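Here is a colleague's note for someone opening this structure for the first time. Please keep the view at hand while reading the points.

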Amino acid sequence: MNFQDINDDDFEMIPMLSINENDFEIKTEDIPSYLPLLPLRNNVLFPGVIIPISVGRERSLKAINKAYKSNKLIGVLAQRDMQVEEPELNDLHKVGTIARILKILKMPDGAKTIIIQGAARFKLKDVSQNEPFLLGIIESMDETQNDEIDKQDSKAFMITMKEIASKIIDLSPHIPNESKIVLNNINKIKFLAHFIASNLNIEMDKKQELLEIEDIKSRVKKVIEYLNSELQILEIKVSIQDKARQDIDKQQRDYFLHQQMKSIQEELGGDSMGQEINRLKEKAITKKWSKDVQNSFNKELEKLQRINPASAEYGVVLNWLDLVVELPWEDFSQDNFDLKNAYSILNKDHYGIEKIKDRIIEYLAVLKLKGDLKSPILCFVGPPGVGKTSLGKSIARALGRQYVRMALGGVYDESEIRGHRKTYIGAMPGRIIQNIKKVNSSNPVFVLDEIDKVGADHRGDPSSALLEVLDPEQNNTFYDNYLELDYDLSKVMFIATANSLNTIPLALRDRMEIIYLDGYSIEEKVEIAKKHLINKQLEAHGLKKSQIQLPKQTLVKLIDDYTRESGVRELNRVIASIMRNIAKKIAMEEEYNVKILPEDIEAIIGKPKFNRDKYTSNLPVGVSIGLAWTSVGGEILFIETSLAKGNGKMTITGNLGNVMKESITAAHTWIKAHQEQLKIPMEAFKDWDLHLHLPEGATPKDGPSAGIAITTAMASNYTQRPIRPYLAMSGEITLRGTVLPVGGIKEKILAAKRSGIKEIILCKENEKDVLEINQEFLKGVKFLYVNNIEEVLDFALEKKKAQHAKVFKSGKKEKDK
């Protein structure tokens, strides 16, 4: 419905309705047969309704003037076609409304506006003249005969029309609420129907159809039908608007807030959305990447431009685009092919480890000749403190590449390697891609530190994710879950470090070139201390070389008496303790000796922690020294046996593993099988219990390498012959008495030398391992290489029995032979 309100300062307010509903009615006898005609383009006038009309056509103005000067009555008819400028008889509808001209208003532009009120319907029979205005021959349409509606029906119709009209007014924000007052003040059904029909939001043809209906009751029903239709449309419209409002309210709020923030940022000089996009485009121009990467970038950039900056997805897409433009897709650092310089750098940073240095120089040489070579996947295996990780940094410096270190110890989540799906909150790329981005180079030296300590649980298996990273045939298309694009890692030089290969999955181990780093000898440690550790600690403590001197013999004492390790970490800490003591004396202006001698050490850092001769001399019968390899280097291993009266039972203690227990059983069986050869009475096995123990019971021990040491300790106790002092041994034994080779030879030998061992028995096949060690480091140690246990016992056991030797035959005493 469209309710009209005429209000102008030039004239008094003209109501939409007559104050008295009978004022508009005109008697039939007062209706003339001829009336000037006023064609309307876009409206239909109903009896009783007041409307303003702007008049501009010449004939219409003349008709108004003629009518206003006579009886003020004019015939108002709707045009069939609004485009016709000068309508004739056939261009007009045949039914119209006789109107009374209430007022004529002259506009400033010369046009006129008239206020007219419908009085009665009429039928146009013909037009008697066309000029100077249309003069129609009309016939009154007497409604009195069709105006009879049952009083009860009339009341029901009026209530229905008013209720529906009121609902429409409530649902239409552009219709003033005062319109309800107008409706409530209408008491005649015919007038109410005309008033509502005039304001219905329907086509002109339908309004004309209402005007032409003869029966007022039918006219009222038609008006109610149109009202219901309009109400239904409005209700659906309001429902849709409510739903849409709920959906977009948050978006609008976020949008307005973002616009405010954008304005604030612009005032403060911050980046706007347009600046972000321009920044990304500028960076993308300089990137060297594949067509696939370019297409993915352009697609996401277009998506970013369509997203509301206030939405969560905007940040996700922007972060992804930032990562893509920051990655060094085909940017490689130039390798330094000066092999002599590279070798010099490696020698300067690390003492010894010639094998690894040669391997790096070989790689550089092939790369120099070929120009393109897939980087090797190296794995440095050795005890802590021998320089595995720092070696990676030296290699990067020698090659002229960027250096990356990624600690894998305690990593349980596969996403640490491959990244998260970017749809997750807080998603980020894996640490491989993150570090590549950080160094801005696609061919760095990438150290995977402590690869043997990678875990696995319900979150995934990182070691399985590393299979792709460390496979030269696959890592040229490494797929990160966040990046969702293939990245080429084939030019990256991966170096893994580990203390042990035992916990590294076989498939992962197979992809790497294993290089063992053995522990350092005393001589090597002295050189490392001179060239690296002392200078490092001088700088760390603010001291000068002239303020302290640590001669070789002092360093040897520190290594022997205060450290027991394969690497040099503890030695570094001991040297730091001395530096702190000297720094304190200098700061307090106390006198001290610049040259620190071995005899000064105890006063500075306390008594020695280790005694080399504690277990190596004057060992009792049944105690031998084995050699063990651990993840922290080599160690000497004491095997203790004791015999007590009993029934031949054997007890084993010392937190031993299954393999070592089997070695003990094999050794005991061999000795029983050769008791006559060894001159051991059978009563020793029947009437005496054997207890074998390995000290430091809290430490788990396992492996077959103590086989000959166990056999020797048992043989010593059963024969009551002591073992040669300062003797250690390592080797596996079989039931036939054959001695088999074992691993970790260098660490074991160095551990033996640290402990003051002078003689070592090894399997003949281990001789090649000993020859690989710098012979300068082996001074003072003699080696015996054997093939069977008889050779071991002949050398290890003294010829004479010990004093107070046990007697195994009851009532008889054996003489020493």
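1. Start with helix α9, residues 312–326, in this predicted model. Its 15 residues should span 21 Å at 1.5 Å a residue. The end C-alpha atoms lie 22 Å apart, which agrees. Which residues of α9 are buried? They are Y314, V317, L318, W320, L321, D322, L323, V324 and V325.

2. Turn next to helix α2, residues 151–171. This helix has 21 residues. From first C-alpha to last, α2 reaches 30 Å, close to the 30 Å expected. Its buried residues are S154, F157, M158, M161, K162, I164, A165, S166, I168 and I169. In an α-helix, residues three or four places apart point the same way, because there are 3.6 residues a turn.

3. Stay in helix α2 for I159. Is I159 buried or partly exposed? With a relative accessibility of 42%, I159 counts as partly exposed.

4. Now the nonpolar cores. The largest has 55 residues. I74, I116, M161, I196 and L210 have the most contacts inside this core. M161 is also among the buried residues of α2. Helix α6, residues 216–268, gives the largest share of the core, 8 residues. A second, separate core holds 54 residues, including L408, L448, I451 and L508.

5. Helix α19 covers residues 569–587. It has 19 residues and reaches 27 Å between its end C-alpha atoms, close to the expected 27 Å. Buried here are L571, N572, V574, I575, A576, I578, M579, N581, I582, A583 and K585. What covers them? The cover includes α17 (522–540), α18 and α20 (601–605). After α19 comes E589, with a positive phi near 55 degrees.

6. Helix α18, residues 552–562, contains T554. T554 has a relative accessible area of 0%, so this residue is buried. Which residues does T554 touch, leaving out those up to four places away in sequence? They are I596, L597, P598 and I601.

7. Aromatic pairs come next. How many does a search of the whole structure find? The search finds 5. In one of them, the ring centres of F446 and F494 are 5.4 Å apart. The planes meet at 40 degrees, so the pair is tilted. F446 lies in strand β11 (residues 445–449), while F494 lies in strand β14 (residues 493–498). The pair therefore ties together parts 48 residues apart in sequence. F446 counts as buried at 0% relative accessibility, and F494 does too at 1%.

8. Another tilted aromatic pair joins F685 and Y718. Their centres are 4.6 Å apart, with 45 degrees between the planes. This pair links distant parts of the chain, 33 residues apart. F685 sits in helix α22 (residues 683–686), and Y718 in helix α23 (residues 707–719). F685 is buried, with a relative accessible area of 9%. Y718 is buried as well, at 2% relative accessibility.

9. Look also for charges over rings. R724 lies over the face of F795, 4.2 Å from the ring centre. The charged end of K758 sits over the ring of Y726, at 4.5 Å from the centre.

10. How many disulfides does the whole structure have? A search finds 0. C763 counts as buried at 1% relative accessibility.

11. Finish at P87, in the loop between β5 (73–78) and β6 (95–106). Apart from neighbours within four places in sequence, P87 is in contact with P39, R57, R59, Q79, L92 and L134. The C-alpha atoms of P87 and L200 are separated by 26 Å. Along the chain these two are 113 residues apart.

Terms used. Residues are numbered from 1 along each chain as its sequence is written. This is a predicted model: local features need pLDDT of at least 70, side-chain atom pairs count only at pLDDT 80 or more; totals for chains, interfaces and linings use all residues. Side-chain values use heavy atoms; hydrogens and water are left out. Helices (H or I, at least four residues) and strands (E, at least two) are DSSP runs, numbered from the N terminus. The expected span of a helix is 1.5 Å times one less than its number of residues. Buried means under 20% relative accessible area, exposed over 50%, partly exposed in between (1.4 Å probe, protein chains only). Rings of Phe, Tyr and Trp (its six-membered ring) pair if their centres lie within 6.5 Å; planes under 30 degrees apart count as stacked, over 60 as edge-to-face and the rest as tilted. A charge sits over a ring if NZ of Lys or CZ of Arg is within 6 Å of the ring centre and within 35 degrees of the ring normal. A disulfide is a pair of cysteine sulfur atoms within 2.5 Å. A nonpolar core is a set of buried Ala, Val, Leu, Ile, Met, Phe, Trp, Tyr and Cys residues joined through side-chain atoms within 4.5 Å. Contact means heavy atoms within 4.5 Å.
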